[in-house]
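User: Hi! I'm new to reading protein models. Could you walk me through some helices?

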Amino acid sequence: MSVQQRQAGEPSRVNQAAMRFVSSKMFSNIFAEGMQLVEETAGYLDGEGRDAARELDRSEALSYAGISMRLTTRLMQIASWLLVMRAVREDEMSYEEAAQDKYRLGSPETSDQRKSEIQSGKELAGLPAELVRLRAETAKLYERIVRIDGELFDQPPLAPAQYDAASRIEALNRAFPGNNED
């Protein structure tokens, strides 16, 4: 049973874990870190970074442009996800809505691809140190959020909380309606 198929009035243990997470200090810290990184990066790219890019040779300028585009995209994904989680915390959005694909981080690259992106020294050669630092910090934060997103939304459905014999017999009777000997 997918998250969308769960009955709206039936909070799952996954839903409860998500609610605990968005109400936690950990979420508040990640939210603050993410939004601060968005602001810091925007300030850099609009100011000091723009000036630094003018001084790069053609090859480096192309690398700078590509990295800054990917960096901006990644930060927008992070900010969007954080704002959706805040909306869940504020009861402006349900867990089930937040679990929809359009609010998720999408199908992230494999971990190996992300690691190679972080460690790609050739593409970073000659680029401003601040851009390289912001790129690395963004990649680390994105990796953490991908893990959290998976923990909150990709878990297999949990079994019902009731494990008594009567509920199991009732479930069997529903599954095999012609076989009950009442």
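Predicted model: local features only at pLDDT ≥ 70, side-chain atom pairs only at ≥ 80, totals over all residues.

User: What caps the N-terminal end of α4?

Analyst: Look for a side chain that approaches a backbone nitrogen there. In this case D57 does the capping, with a side-chain oxygen 3.1 Å from the backbone nitrogen of S59. After α4 comes D91, which has a positive phi, near 60 degrees.

User: Now α2. Which side chain reaches a backbone nitrogen at the start of that helix?

Analyst: That one belongs to S24: a side-chain oxygen comes to within 3.4 Å of the backbone nitrogen of M26. S24 sits in the loop between α1 (13-22) and α2. The S24 side chain also reaches the backbone nitrogen of F27 at 3.1 Å and the backbone oxygen of F21 at 2.6 Å.

User: How many residues does α2 have, and which of its residues are buried?

Analyst: α2 runs over residues 25-46, giving 22 residues, and reaches 31 Å, close to the 32 Å expected at 1.5 Å a residue. Its buried residues are F27, I30, F31, G34, M35, L37, T41, Y44 and L45. Here is a handy idea for reading such a list: an α-helix has 3.6 residues a turn, so residues three or four places apart point the same way.

User: At what angle do α2 and α4 pack?

Analyst: The angle is about 150 degrees, and the axes are 10 Å apart. An angle over 145 degrees counts as roughly antiparallel, so α2 is roughly antiparallel to α4. Residues making this contact include F31, M35 and V38 of α2 and L71, L75 and L82 of α4. The crossing of α2 past α4 is left-handed.

User: And how does α2 pack with α8?

Analyst: Helix α8 is residues 129-153; it and α2 pack at about 150 degrees, with their axes 11 Å apart. That angle makes α2 roughly antiparallel to α8. Here α2 passes α8 in a left-handed crossing.

User: Which residues of α2 and α8 meet?

Analyst: Among them are M26, E33, L37 and E40 in α2, along with L134, T138, L141 and I145 in α8. Find L37 in your viewer: this residue is buried, takes part in the contact with α4, and is also among those that meet α8.

Key. Residues numbered from 1 in each chain as written. Heavy atoms only, no water. Polar contact = N/O pair within 3.5 Å; in protein donor to acceptor, adjacent residues only side chain to side chain. Helix = DSSP H or I, 4+ residues; strand = E, 2+ residues; numbered from the N terminus. Expected span 1.5 Å × (residues − 1). Buried < 20%, exposed > 50% of the residue type's maximum accessible area, 1.4 Å probe, protein only. Axes fitted to C-alpha atoms, helices over the stretch in contact; angles between N-to-C directions. Parallel < 35°, antiparallel > 145°, perpendicular 65-115°, else oblique. Left-handed = near helix turned anticlockwise from the far one by under 90°. Contact = heavy atoms within 4.5 Å.
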